[in-house]
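Subject: Structure handover

Dear colleague,

Here is the structure I said I would pass on.

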Amino acid sequence: MSFSSKVKEELAEQIPAARHCMLAELAAITAICGRTETDETGEKIVHIHTENVAVARKYFTLLEKAFNIGSEVSAYTSVRSNPEKGSNIYYLLAQGKGLQAVLNASVQAVCCKRAYLRGAFLAAGSISDPSKSYHFEIVCNTEKMADYLQGLMIGFDMEAKIVRRKKNYVVYLKDGAGIVDMLNVMEAYVALMELENVRILKEMRNSVNRKVNCETANINKTVSAAVKQMEDIVFIRDTIGFEHLPEGLQDVALTRLAYPEATLKELGTLLKTPVGKSGVNHRLRKLSDMAEKIRDNQGGTT
């Protein structure tokens, strides 16, 4: 089962305690994957069609909990196969005067906003596998619905964006922290913990990789510097010799030749008169400057 399916299964099992939240969730599902009409008696009829059995099951359960089935509202379900996709399409027809409460559902309270977003995700949402990428989206048929969902998500401090995809409008989140917040808003706590575990592991790997890359870069830098130091020292030795060097420079030159892989700190301890890292670095820079001057005087870099 995909991560997205797990989230939907978890949300499908949750039934709000308050009736106004049930109506808000029903309203979201109706708005996204439903069609409404009014019969000759004035009763409302809602047609729901979805490829996700969890959505159909949740919608019917919410109707049962929110209304007196048989008097206020009647509901019927059917299933048809979809040979092209190798899946089923679930149809639900509900009718009754009580459905007007769904169409007029108030989504003002924070709990109702959570319920509405939960219903919208169940109806047309998806989340990518967090071990591969971070992407959350809800596909809307109209720009108006996309704007409304974006507004709700922004109200929960999420950086939701909208993109046009063919005939639809997609509200999406691209960062892991935002998706964690969204799961929290929808009260998908099991999925939230799973995603957080994946995020922690990914961040640990990234942190280790950054440290390794940094250490590798430092090692490469140190090796390059040591190679250049050796080249300069050998050049001085082969041109003017070490006997004309001050004692301190002669000492560090001979020690570097004897210990080409030593760090500056290690070189300092190996000198006849030990000095610190900065002292060694200062002497090596002097040798480098001296080598450059000799090259300039010779008119080349051999």
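The lining of the second largest pocket draws at least two residues from each of helix 2 (19–33), strand 2 (44–50), helix 5 (110–124) and strand 6 (136–140). This is a predicted model, and the pocket holds about 290 Å³ of space. Its lining comprises 13 residues, and Ile 32, Cys 33, His 49, Ala 123 and Ala 124 are the ones nearest the centre. By class, that lining has 6 nonpolar, 5 polar and 2 charged residues.

The largest pocket has about 380 Å³ of space. Helix 8 (189–239), helix 10 (264–270) and helix 11 (277–298) are the elements that contribute two or more residues to its lining. Of these, helix 8 gives the most, with 7 residues. There are 17 lining residues, and Thr 222, Ala 225, Gln 229, Leu 264 and Asn 281 lie nearest the centre of the largest pocket. Charged residues number 7 in this lining, beside 5 nonpolar and 5 polar ones.

Next, the cores. In soluble globular proteins, nonpolar side chains tend to be buried together. The largest nonpolar core in this model has 65 residues. Val 7, Leu 63, Phe 136, Ile 138, Leu 149, Met 153 and Leu 183 have the most contacts inside that core. Helix 2 is the element that gives the most to it, with 10 residues. Another core lies apart from this one and has 17 residues, including Leu 245, Val 252, Leu 267 and Leu 271.

Leaving out residues up to four places away in sequence, Leu 183 touches Phe 3, Val 7, Ile 127, Ala 188, Ala 191, Leu 192 and Leu 195. Val 7 is another of the residues with the most contacts inside the largest core.

Leu 183 is also one of the buried residues of helix 7. How far is helix 7 enclosed by the rest of the structure? The helix is largely enclosed, because 8 of its 11 residues are buried. Those residues are Gly 176, Gly 178, Ile 179, Val 180, Met 182, Leu 183, Val 185 and Met 186.

Val 185 belongs to helix 7, which covers residues 176–186. Its relative accessibility is 4%, and the cut-off for buried is under 20%, so Val 185 counts as buried. With residues up to four places away in sequence again left out, Val 185 touches Arg 114, Leu 117, Phe 156 and Met 158. The C-alpha atoms of Val 185 and Phe 156 are 7.8 Å apart, while the two residues are 29 apart in sequence.

Just after helix 7 comes Glu 187, with a positive phi of about 70°. Glu 187 is not a glycine, and its place is in the loop between helix 7 and helix 8. At 26% relative accessibility, Glu 187 counts as partly exposed.

A positive phi also turns up at Lys 166, where the value is about 55° and the residue is again not a glycine. Lys 166 sits in the loop between strand 7 and strand 8. Is Lys 166 buried or exposed? The relative accessible area of Lys 166 is 79%, so this residue is exposed.

Strand 7 (residues 161–165) pairs with strand 8 (residues 168–173) in the antiparallel sense, over 5 bridges. Within this pairing, Val 163 stands opposite Val 170 in strand 8.

Strand 3 and strand 4 form a hairpin too, with 4 residues between the strands. Strand 3 spans residues 74–82 and strand 4 spans residues 87–96, and the two pair in the antiparallel sense over 9 bridges. Ser 78 has Tyr 91 in strand 4 as its bridge partner. In this hairpin the residue with a positive phi is Gly 86, near 65°.

Regards

Note on methods. Residues are numbered from 1 along each chain as its sequence is written. This is a predicted model: local features need pLDDT of at least 70, side-chain atom pairs count only at pLDDT 80 or more; totals for chains, interfaces and linings use all residues. Side-chain values use heavy atoms; hydrogens and water are left out. On a 1 Å grid over the protein atoms alone, a cavity is a set of points where a 1.4 Å probe fits but cannot get out, and a pocket is an open set with protein on both sides within 12 Å along at least five of seven lines; lining residues have an atom within 4 Å of a point. Grid points are joined across faces, edges and corners, and a volume is the space filled by probe spheres set on the points. Ala, Val, Leu, Ile, Met, Phe, Trp, Tyr, Cys and Pro count as nonpolar, Asp, Glu, Lys and Arg as charged, and the others, Gly among them, as polar. A nonpolar core is a set of buried Ala, Val, Leu, Ile, Met, Phe, Trp, Tyr and Cys residues joined through side-chain atoms within 4.5 Å. Buried means under 20% relative accessible area, exposed over 50%, partly exposed in between (1.4 Å probe, protein chains only). Contact means heavy atoms within 4.5 Å. Two strands pair if DSSP finds at least two bridges between them.
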